[in-house]
Amino acid sequence: MELLLQQILAGIATGTIYACIALAIVMTYQTIGHLNFAQGEMAMFSTFLAWQLIQWGLPYWTAFALTVALSFAGGVLIERIVLRPIHNAPVLSHVAVFIGLLAILNSLAGFIWDFNVKPFPTPFGTAPLIANGFIDAHQAGMIAVTILLLAFLYGFFRFTRVGLAMRASANDPVSARLVGIRVGWMAALGWGMAAAIGAVAGMMIAPIVFLEPNMMLGVLLYGFAGAVLGGLGSPAGAVIGGLIVGVVENLAGTFIPVVGGELKFTIALAIIVAVLVMKPQGLFGRPVLHRV
Amino acid sequence: MPRLNNPRVTLAIIAVALVLPLVIQNFLTFQLTLVLVYAIAIIGLNLLTGFNGQFSLGHSAFYAIGAYVAAMLMDKADFPYAMTLPVAGIACFVFGFLFGLPALRLEGVYLALATFALAVATPQILKLSPLEHWTGGVQGIVVNKPEAPFGLPLTEDQWLYYFTLLITIVMTVLAHNLVASRTGRAMMAIRDNPIAARSMGINIALYKSLTFGVSALYTGVAGALGAIVVQFVAPDSFTFFLSISLLVGLVVGGVGWIPGAFFGGAFVLFVPNLAESFSKGLSGAVYGVMIIVLIYVLPTGAAGLTRAASRWWRAKA
Amino acid sequence: MRVPSDRWRVAALASFASIAIAITTPALAQKKYDTGATDAEIKVGNIMPYSGPASAYAVIGKTEAAFFNKVNAEGGINGRKINFVSYDDGYSPPKAVEQARKLVESDGVLLIFQSLGTPSNSAILKYMNAKKVPQLFVATGATKFGDPKDFPWTMGWQPNYQSEGRIYAKYLIDNHPNGKIGILYQNDDYGKDVMKGLKDGLGDKTSMIIAEAPYETSDPTVDSQIVKLKASGADIFLNVATPKFAAQAIKKVAEVGWKPIQIVNNVSNSLGGVLAPAGFDNATGVLSTAYYKDATDPSWKDDPGFKAWSAFMDKYYPDGNRTDGNTVYGYLTAQTLVQVLKQCGDDLTRENVMKQAANLKLDLDMLLPGISIHTTPTSYYPLQQLQMEKFDGTRWQRFGPVISGEVGG
């Protein structure tokens, strides 16, 4: 019983990691309607920037703010330079470009900062908080940051003009353009915001998994699973999806005999796919209506 | 869609393909064989994605199943290598069909996630300890290379190349005919407008699952050939990155254009080597830049290039 | 056990032998070459994961290239320059086969040196032996790459994973016979090989192992595994993980307030690369084994071997990361190959390369004192010795004798 509780707590702590990156995934999906395979590598690269700034002697929060700003600019630039010229190309061409971006960022980070694991500082400390350290101060801080991000996104998309304009451009680009929204720039803005959220996620995740160029490969897979499970249309769903993935995976790894340990991610994925088959739009997504 | 329906062009290409291994090094023959293998796998992916509009990140799984079926049959049951291909193909067809049934309910990114789960799960299942007796676990299985039969004066590499070429031609022709048939039109109707397709009386569920099965069959046969050519299978050979490579190969060749698979196969095999020759430390970055530049220049892959070339040719003539 | 006087004798013998070669060479004056060797150069092939998930190890290939640059700058080997041709396989077995064939058939190398990773080496094992091209000092500790009977053209280099497992078993039986062992291991050939060695070593005491938790390299963290191992009631924690996960585990063990006896395998015993990220406080008391000098350990600051390595890094690999143990590893393996090629003299046939590789007695000054490289035609494991060590909060303290962990028996 105690083990069950501990695994659930550990799962929530790990699930927050997935939730963070799932938010960035949903952000991109909301604005451009694609899954961005390079999301994880963008977050990793941003985290390296932060690390470099801190190495150069900047205080943590200055580096944090600067990194978020730089990442936002980077996201906008990627959209303008790389994606804008092909925005009429088929979906699969976009996917290939994302894969190209992934390869570039990963290789570049390894080239600049090498592949050794680096510790990354946390602003919250690592004192044990709940249940003898199954959740420590950093993880609690991370949960708080995730909730803040979520609240920000909710407010942004619901109450600000820019947020509403972004939703309009994603849902119906033609009508949005007719009412005077600059649809192209909304996509760029969405990329910038997704990159900024990814940067925050990366800086929250790195103290736990350590900083290195491949740190996000695994995290991204879990983040996708969480985002899709929650429904890609809903930031809150993505967070809850991420947490569920974390918990389910831990429980599968612990309590399923013989194969549980070796197949814990596989089992978690199988459960997700089963859920999706029952509920094809994710737990919190709205069904997509097609106009004939 | 551009078609290689000019018989002279097709015959010339086949003639070159037949003569090539007699004049080049064995090592290059081996590389060309792998290009053909990847091309078959990409044709499989193209049938599903290009012609039926279903997205898959899981084709490394079908490739792996084909490869393991072939390797296990040769290793444990002393099957002749040529006989492993139909078995691998059928096994993958059944598996793909069954996987396609529940996955039917999923569209777009949700289907991508389900197939992605398959790609991630396969290597883990292959190295599962209870199955180690058959799969060789993490160590994999070593396969013997077949020699040329009937005392043909060919090296093993040359023979395997011709063997693979024959199967490639057969599979390409079959794919062509399938796409041009009633079934093929139904597949494309589902891709273009599922609701209209249904109202025309097309059994969407059946066609989608069948397409999944056929697509898996192609990729499984490619996997089996790959195992014979490389002489080795291991879980690490069939990671998620293989799915990604096949997908990139599909896009580069041209989605919905069958001969594009050969461009795609060549891309999968040769471009990483090319990237490496520019820079060791940055080979990944060079590879990424090449993909992006290619998409810039040819948003519809080699298909677009051929189309433009044939237009130019006709205008000149 | 090796005593110092013995080492002197070996060194004396080695220098005598090289003098003897130097004297007899002109007299023989019979140069014999296979593909890849000429009067001017020796072509050495290599396969590394420069891209893909294992790219952290590519530092080994870069260090080796740098070392051969040094050798060439200093006049080469018996007047011949080393031409080091290194290709990327992205840690994918089919690509490794392709690259090995390119090296052998297209580039015409004399031998392939330090191809990296168990899957890649397994994939080319048969090909290399059929072609009778040396597959020398493969960069993996898998036990199967030391089988002169079935694969006479393939040889390992580092102490194999199984013998490491046996050494831990012996230590645990001697010191904690009533311990309960919980193991975290990477779910691949390497993790399973260490486990096999441990179980073989424990023999009828295998029941000491009460919990096993595998992880995949795609797992973001190993938190869940640590929670599970702690709950099992184990009081000995064996950490069979690569650096990132080993560091995560050491940190997590401390955070959840678990206080077992900890052993971390020597893949992850780097002071700068594992213990520092994990936190020195958390790592205090951790046990491991070692066979080469940790360049991040300040104890070696005045050691001549360390100084030579350091001078090499300064001059030939200035942008290399000195806290990365792979730079020492690459330095040592390259030195070993140079010795083999020196011993070959002017008989640079593939057969003679294998013959010389199987007759090595070599002291390298970045190996720990008392540990040396030794092969015979029936023993294809150049390094078999390890020494236990314990982290005291600032540096590794080696203790106990140099242990040899034979396998196969």
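Two strands count as paired here if DSSP finds at least two bridges between them. Keep that in mind as we look around this model, which is a predicted one.

Let's start in chain C, with strand β2, which covers residues 41-48. Six of the eight residues in β2(C) are buried, so the strand is mostly covered, buried meaning that 20 or more other C-beta atoms lie within 10 Å of a residue's own. What does β2(C) pair with? One partner is strand β3 of chain C, residues 81-88, and the two run in the parallel sense over eight bridges. If you'd like a spot to look at, find C:N46: its bridge partner in β3(C) is C:S86.

Now hop over to chain B for a pair of helices. Two packed helices are described by the angle between their axes and the distance between the axes. For helix α3 (residues 59-77) and helix α5 (residues 108-126) of chain B, the axes come within 8 Å and cross at roughly 30 degrees. Angles under 35 degrees count as roughly parallel, and α3(B) and α5(B) are therefore roughly parallel to each other. On the α3(B) side, B:S60, B:A61, B:A64 and B:Y68 make the contact, while α5(B) brings B:L118, B:A119, B:T122 and B:L126. Sort these contact residues by type and you get six nonpolar, two polar and no charged.

Terms used. Residues numbered from 1 in each chain as written. Chains lettered and ligands numbered in written order. Predicted model: local features only at pLDDT ≥ 70, side-chain atom pairs only at ≥ 80, totals over all residues. Buried ≥ 20, exposed ≤ 12 C-beta atoms within 10 Å, placed from the backbone. Helix = DSSP H or I, 4+ residues; strand = E, 2+ residues; numbered from the N terminus. Axes fitted to C-alpha atoms, helices over the stretch in contact; angles between N-to-C directions. Parallel < 35°, antiparallel > 145°, perpendicular 65-115°, else oblique. Contact = placed C-beta atoms within 7 Å. Nonpolar A, V, L, I, M, F, W, Y, C, P; charged D, E, K, R; others polar.
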